[in-house]
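I wanted to know how the chains of this assembly meet. I opened the structure and kept notes as I went.

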There are 4 protein chains.
Amino acid sequence: MSGIKVAVIGGGSSYTPELIDGFIKRAAELPAAEICLVDIPAGEEKLRIVSQLARRMVAAAGLNIRVTATLDRRQALQGAGFVVTQLRVGGLAARAQDERFPLKYGVLGQETTGPGGLAKALRTIPVMLDICRDISELCPEAWLINFTNPAGLITETVLEYTRVKCIGLCNVPIHLKMTIAKLLDADAGDIFIDFAGLNHLVWGRKVWCKGQDVTDAVLAKLQDGAALSMKNVPDLKWDKDFLNSLGMVPCPYHRYYYMTDTILAEELAAAAPDGAGTRAEIVQEVEKRLFDRYQEPELTHKPAELEKRGGAYYSDAAVSLISAIYNDKREIHTVNTVNNGTIAGLPADCVIEANCVVGRTGARPLTIGELPPEIAGLIQHVKAYERLAIEAGVSGSRHKALQALANHPLVPSAGVAKLLLDELLTINAEYLPQFAL
Amino acid sequence: MSGIKVAVIGGGSSYTPELIDGFIKRAAELPAAEICLVDIPAGEEKLRIVSQLARRMVAAAGLNIRVTATLDRRQALQGAGFVVTQLRVGGLAARAQDERFPLKYGVLGQETTGPGGLAKALRTIPVMLDICRDISELCPEAWLINFTNPAGLITETVLEYTRVKCIGLCNVPIHLKMTIAKLLDADAGDIFIDFAGLNHLVWGRKVWCKGQDVTDAVLAKLQDGAALSMKNVPDLKWDKDFLNSLGMVPCPYHRYYYMTDTILAEELAAAAPDGAGTRAEIVQEVEKRLFDRYQEPELTHKPAELEKRGGAYYSDAAVSLISAIYNDKREIHTVNTVNNGTIAGLPADCVIEANCVVGRTGARPLTIGELPPEIAGLIQHVKAYERLAIEAGVSGSRHKALQALANHPLVPSAGVAKLLLDELLTINAEYLPQFAL
Amino acid sequence: MSGIKVAVIGGGSSYTPELIDGFIKRAAELPAAEICLVDIPAGEEKLRIVSQLARRMVAAAGLNIRVTATLDRRQALQGAGFVVTQLRVGGLAARAQDERFPLKYGVLGQETTGPGGLAKALRTIPVMLDICRDISELCPEAWLINFTNPAGLITETVLEYTRVKCIGLCNVPIHLKMTIAKLLDADAGDIFIDFAGLNHLVWGRKVWCKGQDVTDAVLAKLQDGAALSMKNVPDLKWDKDFLNSLGMVPCPYHRYYYMTDTILAEELAAAAPDGAGTRAEIVQEVEKRLFDRYQEPELTHKPAELEKRGGAYYSDAAVSLISAIYNDKREIHTVNTVNNGTIAGLPADCVIEANCVVGRTGARPLTIGELPPEIAGLIQHVKAYERLAIEAGVSGSRHKALQALANHPLVPSAGVAKLLLDELLTINAEYLPQFAL
Amino acid sequence: MSGIKVAVIGGGSSYTPELIDGFIKRAAELPAAEICLVDIPAGEEKLRIVSQLARRMVAAAGLNIRVTATLDRRQALQGAGFVVTQLRVGGLAARAQDERFPLKYGVLGQETTGPGGLAKALRTIPVMLDICRDISELCPEAWLINFTNPAGLITETVLEYTRVKCIGLCNVPIHLKMTIAKLLDADAGDIFIDFAGLNHLVWGRKVWCKGQDVTDAVLAKLQDGAALSMKNVPDLKWDKDFLNSLGMVPCPYHRYYYMTDTILAEELAAAAPDGAGTRAEIVQEVEKRLFDRYQEPELTHKPAELEKRGGAYYSDAAVSLISAIYNDKREIHTVNTVNNGTIAGLPADCVIEANCVVGRTGARPLTIGELPPEIAGLIQHVKAYERLAIEAGVSGSRHKALQALANHPLVPSAGVAKLLLDELLTINAEYLPQFAL
């Protein structure tokens, strides 16, 4: 058997068919011998359903990729050339909690930033460090493609505290690129966006189409009602004056920072007894239907419904990244990697999201330099939060966790930070061994 | 006539007797030949009262300092060795406005930070640049000691856009030092505080008493109810957990960032029809009584009532700074000057507040290096706001002003920023020539 | 007529057929409508010969590129999309002087570094600034591809003192890549070299072949006698211990720094009355024969003899760079561009030589970060020399020129620097208007 | 018994009476209870002589300082508050070797820089790390005042590889200050020099007298023949043009870099069979006479002859530094400490020589920022050498040692570096355990 082994941790995820689809589409350039889906016992049923669908998809494509499924992570890692992490500690139930508990204190609930994002980070860090210990032992040369949110923060944790080779990946940049191509009626290959920032806090500083600066045209389209949003983010319209004064393309997740009040109001309405429920609660419904669909024996392709779930272009982002590494393509991908002086004013060893040349030796950012104050301060503030969150997540220090929250731009005061932290630690206790006495 | 000439712009201020008192106390080391108080026509009456009191004070001290008063700024600057700026564009009425208008939008009102601080900055910048043009022409070798708020931002404007030699001064650091000395029952001369930050956003990273690290003792005292506040800042108690997790001494103005919600509630109550009024409104009353007192012919000393006004230790800070320059003392003062690499992660040409060695060649900071994330992010975020505010104030760009507000940690969203900016520009229009079409 | 106009300044150079060959080879992707060769009156005869050969080459290739020749630089620049500078102020006679005069003082003579390189820089800077003034007026959107040595220093001058869009190009990196490919019997496309440094002072920190680190193999080959040299640089063998301790691939020009004594001895022997003459003197002979050859009417291709001249792969480097810009290829070229934080410990605004992604918006370096001390110090020292040389060349300051020489690692003392400078200024006086009183 | 214990390692040095004199002069402010002189067995006789003289000096001063002498370093360190290192591994014989062996290869011989300095560094590092291990165990709170050369490099080793609190001290800055005061006929207290650089490579960027910039006057005096040299450095006159172009005050040791050829010629002459001998050889004679003198029972003061030895103002520099720490004076001393961003373009964790505020918490540099290219490149080059030398000294890596020499500005080629290294390692083998197999 020749070809690489890819281990997918959190393999029972509803996103997996998307990933499988990506490997099928790129089979010619990326010879996958085995895709090993691994999950925890609680996900066994989903893992079974997804792996069976995956096998049907591969068979329908006439390919010779072995899809395996296991609950034994160490077995999955053995011999892997790439490890993809798409796990969610605590599942959608924990996400629903992340989205709800801050609302009580007048703070918006979101799974990747704010108090909800901190909760997710603190739950995920111990698991991720555990996985990395296994990788270091079982497949030390493997590349870890981390898709687990908060993707930048988790990638920084891995690169700071382990020796695992890791690139953090998010579909926001590719989503922006594809959406902008559509807005401009252009070919995505002709679009180049000068990305700079952090994960879920990345701006397109300039947009070029065939080498022409089309930033203003893109900003004008955005003001005309073009949404540029994503399934996981409320579809609020951007203010014309604000966009013009910014002069750069925000990412969908920037709404949480620039439209905090409006989103909070929407979330409160959705979370009310008569509301539509939080995003996680909606996603739980979507997932239920998706898994029903996945079980239909005649289904041999990624179903159209998957797109409602979010994560569009995930397969493109992930599998083309793996191919760029495997084939030493030295082409540009927008990923999360070590700053190393790319962006002035951020620590050299922190993780940023930026355009990188990716090849067999990993991801190397294109130099950025000084950022304009329009975006520098917010990035630096959130990065300080992230570093405190990482310290808290690794050490279990309540002090660091309190400072993380008090330093988060979405948290209005140290007093509220303290209340949020108390609740966060209580309701997530089962997932936070590092904070146990 | 030998000795220096000191020009005091905004000389009719109620603070002036404090400053005069400082010159009297240091007459032995600092030979002032003339203190020239200058003000605008609207301040003529106050100027008359204050200058007469000043003359009585000097006479009572048996000193030979000539106190002059004029409405002609150019005449005041002619031959000056030091220029002290303590002006307030728009007077206390404008300050009262700064404190009130943000409240409508659920944002706290404060004269040196947030939307109120931006209003003050935008009003002050054109006047300050005008003064600097005069200094460059009439007394180019003079040192400008800027006490006008927002003191750091205004100092950065002067150093970035003019060639005037300028040091920004604030009484917060000296106030902290004196208060901590009292808390510890120690001599102020034995206390050394490792200050780092920006004006009104400065932390004491460590406190030393006779070379012993007493930071924890100070933090414990603060938790025990010791206020460490100032006349201009609400006297709210610091939370124990928060202080312990911070591990550094905040300045009184940090309450606006760490206790935003509580302060907003207090301000809303005070600003209500049945409330006590905003700080500016209270100060207006204090000032009225002060000026009545100043007119009493038998008053020949700084009256005790002045202390209620705020600005304690102003004379100590200002006159000892002037003396350090004049006498080339090369002693340590905590002032606002160019970063120049002192604090990593901030632009080299921005202004910081830090411990500096001060002598005839100016202020040179003691190296600081990397700041911990507990304070780095907030500093960087506020600095980005300040730089946008400066650009807006100098250029009259509405875009920059909107970005300044949208980037301020106290402003909850870009939408609110826009509403605040509209009102700010409207109600301050007479003082904002740079924004006129 | 569609397609771009390329102006070649120094168009009468013997290198021009190399360049024309490059345009012919890439005609499919790069539609050149006109290549305008421009030279000074002293070069008229060469210009005539070269332009006629160029026309024969284009005709033989069956292409529709108009080759024009002129002594009017402004006419040549009118409408140009690309400007290539390959001029040599003072011609080979000046180069011969550059190579000889330092020898008297026991310092090696070289046209791009040391005292000879300074002479060339000081002669070239005023001419280059003049050209840039014309570009700014006549074709402000044109890209200047600077091949004129010292290429990095000249590019830095252009980027620091003009608004012309400029990329500095040298054939050293491509030469290293092609040579290493041959050494390894590999395809050049499979080789990736992690270049870092300055022009003529660039190291391959790692060499990868198909994503495998082959640095040690390359170093071993170099020790086994493989020359890795270039026509313009003496072919001295690298010491095994030294290479192993360096652990990186030096460029051919590093011999001037690492083998200073040996090269000096060789140069002194060559320059002796019975010696072979300096490189420039040999090149003068080669050139004479080349131009005889160029005049043969039946010659319709770049003659093989051209390779002896040096400048191998020049056409590949130059025309593929132009094509990368024109076609917005965003592929990696090793060029000279602004540091902007790419290499830590060098000024943000200085020019470095590094791997860059090149597209229509120019060249953007891949982040490098901290350099190891094995190469950092020498790079920083030479950069300091370069900056002093630029200041001297622009301002005509004798002080800066003296400091430039005194700071050059190849100049043994300030005393020798002074003697060298005196002679340099005297013998180059006709080309140094900026130093005239 | 109250007061501090000072351990002097290398206590048998001829400099010790200088140090004792310093403690006597500052007895009022610095209560030394015990000065413990410690040396190695080979120095026992000198130790005896010096300690007896020291006791006579203390007695004559009527002071109650206990002077003890021991060969047991651990006993000396027990309970010490300050440790002064003034040791010389291999003694003057090794220094004589350092001064001679490079001459064979046409390289100047000097004990603190170049190949001789590297030899000294490699001999000293293992001993120093050993001492630091003892300090960490026996008196972890003690301050190590390192006077052992190369003082900057050794201090960097201590601060990088141990947890010992260390300040590096050299008498060059104080010597410059005292000499300049004499040149200007001014009081030393009125002189302030803006020092920046590395140990033995420090420039006075500006000189101020009573706050007036007198740099030009000082430079003029230096050109007029004023030597500004030191006992250990040849007294060569500075060139007028060179000084004017530099615009800064070089330190005496700069002659090795700026007058390399002249010094080499002088050294070669001195080292010739009929020459005067190297500096170490002369010093050996001086020392012999000094120790004869020290033994005279009636001698109860530091003898005038000591001044010929070099090290003038050593006591002032050392004891006033200790007093500044002990008394938390927060006054300015020019010492070697961690860069931490003080000088841009140097690593944050390297050691520089700069003006520092010194108090009980150590030495904190005054911010410097970007250096001009006139001095930046040389500093950076020498720092790269130092870092390689430290790596070599700690690890015993021949590769690092070879790179250190090849990167030293005084070594003309990698080939010569290799020859020098071979001889260095051979003749110093007994002192280089880290390089033994």
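My entries follow, interface by interface.

**Ground rules.** I am working from a predicted model, where local features need pLDDT of at least 70, side-chain atom pairs count only at pLDDT 80 or more, and totals for chains, interfaces and linings use all residues. Residues are numbered from 1 along each chain as its sequence is written, chains are lettered from A and ligands numbered from 1 in the order in which they are written, and side-chain values use heavy atoms, with hydrogens and water left out.

**Entry 1: chain A against chain B.** I looked up the contact (heavy atoms within 4.5 Å). I found 35 residues of chain A touching 35 residues of chain B. The two chains bury about 2,900 Å² between them, with 54% of it on carbon and sulfur atoms. Buried area here is the accessible area (1.4 Å probe) that two parts lose on being put together, summed over both.

Next I checked the charges. A salt bridge puts a side-chain nitrogen of Lys or Arg within 4 Å of a carboxyl oxygen of Asp or Glu. I noted six salt bridges between chain A and chain B. One of them pairs Lys418(A) with Asp241(B), at 3.3 Å from N to O.

The largest share, ten residues, comes from α14(A). Helices (H or I, at least four residues) and strands (E, at least two) are DSSP runs, numbered from the N terminus.

**Entry 2: chain C against chain A.** This contact takes 23 residues from each of chain C and chain A. I read about 2,000 Å² buried between them, 50% of it on carbon and sulfur atoms. In chain C, Arg330(C), Arg364(C) and Thr367(C) lose the most area to chain A, together 33% of what that side buries. I counted two salt bridges here. Asp194(C) forms one with Arg364(A), the closest N and O atoms being 2.9 Å apart. Twelve residue pairs are in polar contact. On chain C, β7 (191-198) and β12 (362-365) give two or more residues to this side.

**Entry 3: symmetry.** A rotation of 180 degrees does it, with 0.0 Å of shift along its axis and an RMSD of 0.0 Å. The two copies are thus related as by a two-fold rotation axis. In chain C, the C-alpha of Leu366(C) is nearest the axis, 2.2 Å from it. The same surface serves both copies, as 100% of the contact residues of chain C recur in chain A.

**Entry 4: the hairpin.** In chain A, β11 (351-359) and β12 (362-365) run antiparallel, joined by four bridges. Strands pair if DSSP finds at least two bridges between them. A hairpin of two residues joins β11(A) to β12(A). Gly359(A) stands opposite Gly362(A).

**Entry 5: no contact.** Chain B and chain C do not touch, and their closest C-alpha atoms lie 12 Å apart. Chain A and chain D also have no contact, with their closest C-alpha atoms 12 Å apart.

Technical notes
Least-squares fit on C-alpha atoms with pLDDT ≥ 70 in both. Polar contact = N/O pair within 3.5 Å; in protein donor to acceptor, adjacent residues only side chain to side chain.
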